[in-house]
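User: I have a new structure to read. Please walk me through how its features are described, one at a time.

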Amino acid sequence: MTTGLVLPPPPPSPSSQMAIAAGPFAALGLAAASTATSPAGLEADEWDALLARLTDEHLAGIVLDGADRGLVSLRDDQHEALLAVHEAAMVATLRLESFLLVVRNLLGERGLDMRVLKGPSCAHLDYEQPELRAFTDIDVLVRGEQFDAVAACLSAAGMQRRFDEPRPGFTARFGKGVCFTAANGLELDVHRALTAGPFGLGDASALWRRSDSFVLAGSSVECLAREERAVAAAVHACLGSTAPRLVPLRDVAQILSQEVDIDRVISVSDELGVRSVLARAILLARATLALDAPLAGEAWALGYRPTRRERQLLHAYITDDRSYAGQMLAGARAVKGLGARVEYVRALALPNRDYLDDREHRYGTRARRAARLITGRSRGAQRRQDGTP
Amino acid sequence: MTSPCTEPARPVEQFRTNPRLLRRRVASGMVVCLAAESVYQDVRVLRLDALAASVIDAAQRGATRADLAAAAGVPANEIDTLVGGLAAARVLERVTS
């Protein structure tokens, strides 16, 4: 018998063990939001902890907006503190949008396609005001067949590629993408897929059939269409970290609270091989943000029964021992076609010398690490199957 | 008979918000940034108070100093320095009709 996606709650992050739950603050302004604790009545240490969490989760703008709407009350000193955080976040956001225009022009001049992911597109198209959605880097999706050309273009423009790939062409075919850093420290994540590992090995062409756009400083910038944005937000929310971050969950709730074709959302998630991820993200958003009303797709998510394989793959992302290496190993099972699978495994097992020198230094060490990951994962899978802790 | 006027009318100086401006509203006013052309991001981000923010909003479609002052709810001579500063910082552009 299979079990549904009403999974055990994700392990709490240290900061989420505080008395004041931050989830309801992330939902402020949504029609389905429940009542959040008003910070005005908090003791100093409670407020300090809450402010740290709201800052870390980039929620200052949402809470200030909630105070303006009378949804929560803030003391003057709390308002000032949040305003300082919000203003700094908006400064960073504008620098990043300016950077995005540079990247768009660089790629556009060379005929390379790009779709904005996450922050700027959600801010301008999904939220009532862009001020409500802060972000700390720029993420763009590029086509797998153009990935190496994009990387070469950005490197030629002076950006530093943060990580090598195990073998030439690996990322363009199997990888999530790569991070570039500009001379001023701003970061650009160039994606081929929405995530690393098995959930990033589906057919990415589903993300390229349609697009939306938004205007930045008079320039139109292309991004994912709304339903595709919903799936991307779900992947980010569910797989981006062991303990789900609040802004990606708010993105999921924000998009699914608007006019959205939920059948299309599910269909896109199916093509990308992330239906179980979408279902889990919808349920996580409802629960973590403490929403009072269901989101679009919630009935479907509640009834979704992930296969045993999907549950195993999810565990490569959501357990405490999650690692990039573990996800890539789990991906070996998801690569379609024997030839492609052999290439995938060969690249990971026998990477080029530079890649190895940055990591395990020796092929033997790398093989032993892989073996530990495989056997550890097998033991974990067995325990989960047995129901033993 | 003398012609009533031989000089052309003086052009009216107008201002409009720089179309390359990126901006966000904050409670104290506005944060703005000029979109950069360089990968090295030689951009400046300015924090502007509520008066400057209202002038920028009013200049969306081009406006005279008097229009901007009226929109901001202050006498025209009180925004001369502000408008000059915003134009010098390329937040506003001069357009002459």
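User: Let's start with the hairpin. How many residues lie between E6(A) and E7(A)?
Analyst: Strands of a sheet pair through backbone hydrogen bonds, either parallel or antiparallel. Here two residues separate E6(A) from E7(A) in a hairpin. In that turn, Ala217(A) has a positive phi of about 50°. E6(A) covers residues 212-216 and E7(A) covers residues 219-223; five bridges join them, and they run antiparallel. Phe214(A) has Val221(A) as its bridge partner. Strands (E, at least two residues) and helices (H or I, at least four) are DSSP runs, numbered from the N terminus. Two strands pair if DSSP finds at least two bridges between them.

User: What kind of model is this, and how are its parts labelled?
Analyst: It is a predicted model: local features need pLDDT of at least 70, side-chain atom pairs count only at pLDDT 80 or more, and totals for chains, interfaces and linings use all residues. Residues are numbered from 1 along each chain as its sequence is written, while chains are lettered from A and ligands numbered from 1 in the order in which they are written.

User: What is the make-up of chain A?
Analyst: Chain A has 17 helices and seven strands. Of its 389 residues, 44% are buried. Buried means 20 or more other C-beta atoms within 10 Å of the residue's own; exposed means 12 or fewer, and partly exposed lies in between, with C-beta atoms placed from the backbone. Among contacts in chain A with a separation of 6 or more, 70% join residues 24 or more positions apart. Two residues are in contact if their C-beta atoms, placed from the backbone, lie within 7 Å.

User: And chain B?
Analyst: Chain B has three helices and six strands. From the N terminus, its elements run β-β-β-β-α-β-α-α-β. Buried residues are 32% of its 97. For contacts with a separation of 6 or more, the share from residues 24 or more positions apart is 49%.

User: How do I read two packed helices?
Analyst: Two packed helices are described by the angle between their axes and the distance between the axes. Take H9(A), residues 246-256, and H11(A), residues 275-288: they pack at about 100°, with axes 9 Å apart. That makes H9(A) roughly perpendicular to H11(A). Axes are lines fitted to C-alpha atoms, for helices over the stretch in contact, and angles run from 0 to 180 degrees between N-to-C directions. Under 35 degrees counts as roughly parallel, over 145 as roughly antiparallel, 65 to 115 as roughly perpendicular and the rest as oblique.

User: Which residues in H9(A) meet H11(A)?
Analyst: Leu249(A), Val252(A), Ala253(A) and Leu256(A) do. Their partners in H11(A) include Ala281(A) and Leu284(A). By class, this contact has eight nonpolar, one polar and no charged residues. Ala, Val, Leu, Ile, Met, Phe, Trp, Tyr, Cys and Pro count as nonpolar, Asp, Glu, Lys and Arg as charged, and the others, Gly among them, as polar.

User: How many residues does each chain give to the contact between the chains?
Analyst: Chain B gives 20 residues and chain A gives 27. On chain B's side, E2(B) supplies the largest share, five residues. That side holds 13 nonpolar, three polar and four charged residues.

User: Why does Val85(A) count as buried?
Analyst: Because Val85(A) has 20 C-beta neighbours inside 10 Å. Val85(A) sits in H4(A), residues 76-109. Not counting residues up to four places away in sequence, Val85(A) touches Thr55(A) and Ala60(A).
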